[in-house]
Each structure stands twice: as C-alpha cells, then as structure tokens.
Amino acid sequence: MSLTSIIFTLFCYFSLLLFFIGLSYKIIQYWQTPVPLKIPITPAPLKVSGVFMRMIREVLLFESLFKSSKWTWFFGWIFHFALVLLFLRHLVYFWPGEIPAILMKTEPFKYAAFPLIIGLLGLFGRRLFVDRVRYISAPSDYLMLVLLIVIGGSGMLMTFAHNHPNILLVKSFAVGLITLNWSELPSDLLFLAHIFLVFILIAIFPISKLLHAPGVFFSPTLNQVDNARNKRHISSWARQKETDKEVSIEQNSEKDE
Amino acid sequence: MAEVDIDKLQTYIKIPAIQKDSMAGDGPFKASAEIQEHLGFPREKVENWQQVAIEKMAETTSKYRSVQVFLDTCVKCGACTDKCHYYLGTSDPKNMPVARQDLFRSVYRRHFTFAGKYFPKLVGAKELDDAMLDDWYNYFHQCSQCRRCAVFCPYGIDTAEISMAAREVMNVIGVGQKYSNQILGRINKIGNNLGMPEPALRDTLLDLEEEIEKETGITVKLPLDKEHAEVLMVTPSADFFAEPHIDGLIGYAKVFHQSAVTWTMSSYASEAANFGMFIGSYEVMRQGALRIRKAALDLGVSRIVVGECGHAWRVAYSFWNTLSGIGGGAIDEYALKLQRQLDSNYPQPQHIIEFTYDLIKKGMLTFDKTKNDHRKVTFHDSCNVARGSNMGNIENGQFILPREVIKAACNHFADMPNSTIKASTFCCGGGGGLLTDDLIELRIKGAMPRMQALKQSQENDGVNTLAAICAICKSQFSKVLPNYDFDPYMIVSVHQLVSDALVLSDKSQTKTEDSL
C-alpha cells in the first residue's frame, strides 16, 4: 500500500473514532443532565403522541423554521434533504459483496448534488448579505458552509465532469474500510480532497454546531408533554433536596444553599 | 408621559437595519447590599467574580438540560433575528435573540468547549471580562423572557432560559437588579410585591365591597383569610390598588358571588406574581410557591384559583406541581396533606378565566352585553400565558378561553393581525422584571410592535379597548399607550369586561333573575 493510502485509511478511522467517542459523550451528557422544570413551547402537545408528531414535523419538515423564514427554510431544507439522498447514493460504494437491487436504484440521487449546492450557496448568501445574519456569524459559520460546498463541488466535478476516479479502486478502498481488508485508493486529487474533507467533517461533528442533529431531540421545549398539572415533573436534584432535608411548612426564610 | 424619541407609528412591522450599540448603557439600577443579602446573594460584587461566575455556569449547565442543549445546538441560522420586540423596537443587534444568547454562549464556548478553548477567534469564543459583564447586565435586562424567539427556532432554543441563567450567575457574583430583587425581598417578608400588610389589605377590600354595593346595590364580598372557604384566590397584588387592575378584582368577586362558590384571599400569600422566575432562581421561585401552599393548608381550602397575571400563571400552571407538589406525586408531608385536601374534580390550580369560562358553559352567568356596547375590544395574549401555559386542558385553550369569556360579555370583538397574536403574540414590552421606570426607554421602544398591531386594528376595526389578563401588561400599557397617541384608559382587565356586563343577583334575598 502506498503511503497516501495508509494515511487516508488511518485518518478515516481516526475521524470515526472522534465522531463516535465525542458524540456518545455529548448524547450521554444531554441524557444525564436533568430537566428541572416543564418548559414546553407553544404549540405544546398535551399528549406523548403529540410530542412524537411534533418531533417528526420538526426533524423532517423543519416546521418552526418554515414559520420563521421562508428563504432560510427553503435553502436549509433542500440542502438537508439532498444530503440524505447523497448519503444513500454513497452506500453502494461501501457495500461489501453483492449489491442489493434497491441500492442500485439510488443512481439518480447523484443529481441531488445540485439542490445541495444551491441550498448551501443560498445559506452562504444569506449569511453574507442579510445584515442581521452577518452580525451573528463567526468565521466557523462560514467555514462550515465552505467545507460542505467544497465537498459537494468536488463530488460533482468527479461525477458530472468526466473526472471519475477508477471506480473499482474506489469500491475496494471503501469496502476495505468496512471489512478491515484495506487496499489502495485512487490517487486523483479531486477524490483525495473529497474524502479528506468528509473525514474532517466527521471528526469535527461532536465539537461544532453540527451537534444540532442530536441536540434537537433533547430540546426540552420541543420534547416535553404539556401536562404539568396532572403529572408531577421533578428533577433528580430537586427531589434530592426534598428528601435530604426535614421539611418545614415555613421555608420562606430559608436561604439558597 | 415619559419623553422618549420614537419614530412615527406605522401599522405594519418593518424589520429595521441593525444599529450597533443603539441601546448600549449601564442597564437598570443595581440592587443594594441589603436587598442582595436578603435573598442570600453576596452583598456586592465578589472579588473573584470571574471564577465564581464560571463555576456557576458549570453548575447551571449540569443542572439544566435546556441551557446545556441550547448553548450547543444553535447553528446561527438567523431565524430568530427579527422576532424579538426589543430588536424590532430598538434596532440594537444585541437584542436579536441569538446575539443575546451569544453573550452567554461565547463565554461558555471559551471555557467549556474544545473549539472555544483552542480556537476562540474561529468560533467567536470570548472571555468573561468587565466589558462582557457590562453587556450581560445591560442586555440580559433587555429580555422580557417572553419566549417568542423559541416559537420560531428550529431547535426550540428559548432565550428566556439563557437570560434566566445569566441573571442567576450575576446574582451569585453579587450583581443583582434592584427592581426584581427588592420586590422578592418584600414578598418574603410581607407576602406581596407591594409590601402591603394585612390591615391595609383588609381596608382595601372593605372599600371595594362598599364601592360595589354603592354602584350595584348588592352586597358582594371580598373575603380575606376566611377559613374553610372552597377557593383560595391568589392574585397579583397590583389587583389591590392599581388601575385598571382593580376593576378586574371586582370582576372576580362578582363572578364568585354569582357562582355561590365560597372563596377567600390570603393575607399571608397575597401575591400570585413570582419574580423568582425572572431571576432564574429555582429556590427563590420555590419559596414563593411554598408560601401559597402554606396558605392553602392553613385556610383549609379545596381549590386554588389564580388571578389575571401572566408569569404567575406560567409558574402556577407549569411549575407549582414541581415546586410544591400540589397536584400529586410529591413526597413531603405538607404536599401529601394538601393533595388530600384539594378537590381532584378540578385541575389544581385553575385560572380565573377557566373558572369563569366553566360557569359560562354551565349557563350560570347572565350577561347584559349591551353594557359593553361602547367598546370594540381586542385581546392582547400575554406572553407567559400564550407561550408557557395552557387553559382548559384543550389544545390552544389559553387562546380560546379568554376570547370566549370576552365574547360572552361583549358584542364587539376583533383580533389583531394573526402574526401578532396567540403563539406569535408580541410582549407588552415590560415583562420579565423590566417593569421599572429606570428602563422606560426600553419599555416604550419594546412596545412598538404591539402598538403597530393595535393601530392596525384601530384603523381597520375601530378597536378602542385592549383587554389583557396580566398585571404587568396592564401597568405597562397604561404607561406607554400615550407615547403612541392611544388613550391610556383603553387597557382593561378581561374581568372588568365581565364585571361591567354581569347581571348580579342579590343572594341575600330569593329573587329570580327576571325580577332584577
């Protein structure tokens, strides 16, 4: 194996390691942090089924964003939807052995690269040209979009501009990563840039704003049932406070510990 | 009328271009050493305040999932940037919800995240220095915790949670706001925000009884500390003295009179408002809730009803059961005792609007709606009711019930534009501990979006009466309406409308309604 192949193989595993360790840490942290009060935001569902539907609408359709800003919603939604299609499109490269018929049907998903880029450019433009959004943007916010645009752009150049790397090499490299049967990767610069940036993206996931993906499921304003009067909601630390101490009816002069 | 330079009022909401530092300043008056000490906070800014603040931030993020998740998940999409009434009214970019959160988030990133520790410039991480603390104090007291931004955020990020967290951090380092903390001191000492002692309260209620009798010829009681009444009525103390609030209190009394449900108020817990929420202190908020629990136990009531007060209703509806266990599931003996005492046929607590609405549905109240015919009424959804509570245990009940009560008492009702009511309602501009004269410029400017919507309704539907169910809204509107060329007396309690149209029966004699 060439040095490039070895480095890229190692970097792939390294980024996946960071991804899984970092993300597990954050998810466990969110999970374990108590929610002391009922704070669902209107329109707050009164039943669990309502919360379930709300989450589905938020995650799949970006309902609240639709209410706030049609342009941001449009660019954001087509970008995310295209990203899902392109992810599915890439599975075929990693599938060891015989490829299921359904994966073969993802071929046309490659065209999702166009809405992906349009969405990203739209979001980038908004960040540049709307004074309010420009004000709140840090360098990392622009860089994240640039990163995604370059990943999408390099992929498009390979797919649509006759720069396709040797597909057999791509396949054996990708499958090799899954089956731990490592092999040589194509040395086309576009391809190397493409996968390098994807590894970067995976690696920074748990330490960047990409945490919005797991975060949305833990957002108490969105995932709580509005039933505080019927069912007592109490956090572990507040209950501890109640059990630890002799309760007196007149606790008003008591100071915060 | 307070003199503040404001633009001519439009009938539509225009998103302003940002004007940096247009609301820069020192913020509201700071609490004195005595006030701070009374709440258990340091008397003055502690020497190692940065360290204490960072430790408190660590504690808060470990105790509140909301704060932890909200600090991490914001992607700076900008959806909230044009949703805050203070931004729309002041153009100061730090009043954009995300920018306000970023004051806190940038410090969080610097101290608690990998990227912020090693690449602070890249991710906008900043140190908590004097300038940052000044910005915290100034801009976290330009947030009324109304939650409008949270409705529009794709992740439900609620700036109110961040502003509460920031205010608590500031209190813990000894930098408190005078207005909120002074009021909290009074309620802990005397039982209400005004510091109105029992004899004064009793006199006020007697005066009101006389007034009602003079006006209607019928004896309507406003009982205080009456043991074994069915209902304990807990209402914001502004209802005892302020205009137009007091007419709402008369309305409650008339409704109770007609319902034949016995009721009482408590001199020990003569305050529904709970400013503990505004300063983000669970413990202070809990003390307020326990005070009401004690009053309910001592008086032996079987129901608790809350008067017209926005944040009080949020605390009562969403938090009381957590704080004092009044609805079941609590473990301490007083909560258990109260649970046995309270009537489980009713939600506990109930809002006075729910109480009145139930009576209307049962046909127990008779209205002469023509008494309100000079009024063309619109309803201002108060933010804490609209976005932090429910009524009637039906979806959107907090929007439906008050409107139904108004319509039962009035012939002419028209809503303000859809984008400014219900879940999208604009704050009055004075909520969240900002109802103080040292913030008058902010209050006037922050009221602008609501005033614009009101003007549109005035022009399109001839609206001349603005009804609300929040003591802060009522005080704020009375003050700022003249700045926008409205009649300051156009703001009324919903229960004033009820009061004016309700046909009273004389309970001392057996008369039928027809004979009245």
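**Figure 1. Chain B as a whole.** Buried residues make up 61% of the 516 residues in chain B. The model shown here, as in every figure below, is predicted. Chain B contains 23 helices and seven strands. Along the principal axes, its C-alpha atoms occupy a box of roughly 80 × 55 × 40 Å. For 516 residues, a compact globule would have a radius of gyration near 24 Å, and the 23 Å of chain B agrees with this. Among the contacts in chain B with a separation of 6 or more, 78% are between residues 24 or more positions apart.

**Figure 2. Chain A as a whole.** Chain A has 13 helices and zero strands, and read from the N terminus its elements run α-α-α-α-α-α-α-α-α-α-α-α-α. The radius of gyration of chain A is 24 Å, well over the 18 Å that the globule rule gives for 257 residues, so chain A is more spread out than a compact globule. The box filled by the C-alpha atoms of chain A is roughly 80 × 40 × 40 Å along the principal axes. Of the 257 residues in chain A, 31% are buried. Contacts between residues 24 or more positions apart account for 74% of those in chain A with a separation of 6 or more.

**Figure 3. The contact between chain A and chain B.** Here 65 residues of chain A are in contact with 75 residues of chain B. On the side of chain A that touches chain B, the elements giving two or more residues include helix 1 (3-32), helix 4 (70-94) and helix 8 (139-160) of chain A. Helix 7 (131-136) of chain A is also one of these elements, and helix 7 gives the largest share, five residues. Sorted by class, the side of chain A that touches chain B has 29 nonpolar, 20 polar and 16 charged residues.

**Figure 4. The four-stranded sheet of chain B.** Four strands of chain B form an open sheet in the order 2-1-3-4, with parallel pairing. Strand 2 (263-264) and strand 4 (350-351) of chain B are the edge strands, and each pairs on one side only. Strand 1 (residues 231-234) and strand 3 (residues 303-306) of chain B run parallel and are joined by four bridges. In this pairing, B:Leu232 stands opposite B:Ile304 of strand 3.

Figure 5. Strand 5 of chain B is joined by three bridges to strand 6 (residues 465-468) of chain B, and the two run parallel. B:Phe379 has B:Ala467, in strand 6 of chain B, as its bridge partner.

Figure 6. Helix 16 (residues 333-341) of chain B has three named buried residues: B:Tyr334, B:Ala335 and B:Leu338. In general, an α-helix has 3.6 residues a turn, so residues three or four places apart point the same way. On the other side of helix 16 of chain B, B:Glu333 and B:Arg340 are exposed. The elements covering the buried residues of helix 16 include helix 14 (282-299) and helix 15 (310-324) of chain B.

**Figure 7. The surroundings of B:Gly185.** B:Gly185 is placed in helix 11 (residues 178-189) of chain B. B:Gly185 counts as partly exposed because 19 C-beta neighbours lie inside 10 Å, whereas a buried residue needs 20 or more. Leaving aside residues up to four places away in sequence, B:Gly185 touches B:Ile35, B:His38 and B:Leu39. B:Ile35 lies 150 residues from B:Gly185 along the chain, yet the C-alpha atoms of the two are separated by 6.6 Å.

Terms used:
Residues numbered from 1 in each chain as written. Chains lettered and ligands numbered in written order. Predicted model: local features only at pLDDT ≥ 70, side-chain atom pairs only at ≥ 80, totals over all residues. Pairing = 2+ DSSP bridges. Contact = placed C-beta atoms within 7 Å. Nonpolar A, V, L, I, M, F, W, Y, C, P; charged D, E, K, R; others polar. Rg over C-alpha atoms; globule rule 2.2 N^0.38 Å. Buried ≥ 20, exposed ≤ 12 C-beta atoms within 10 Å, placed from the backbone.
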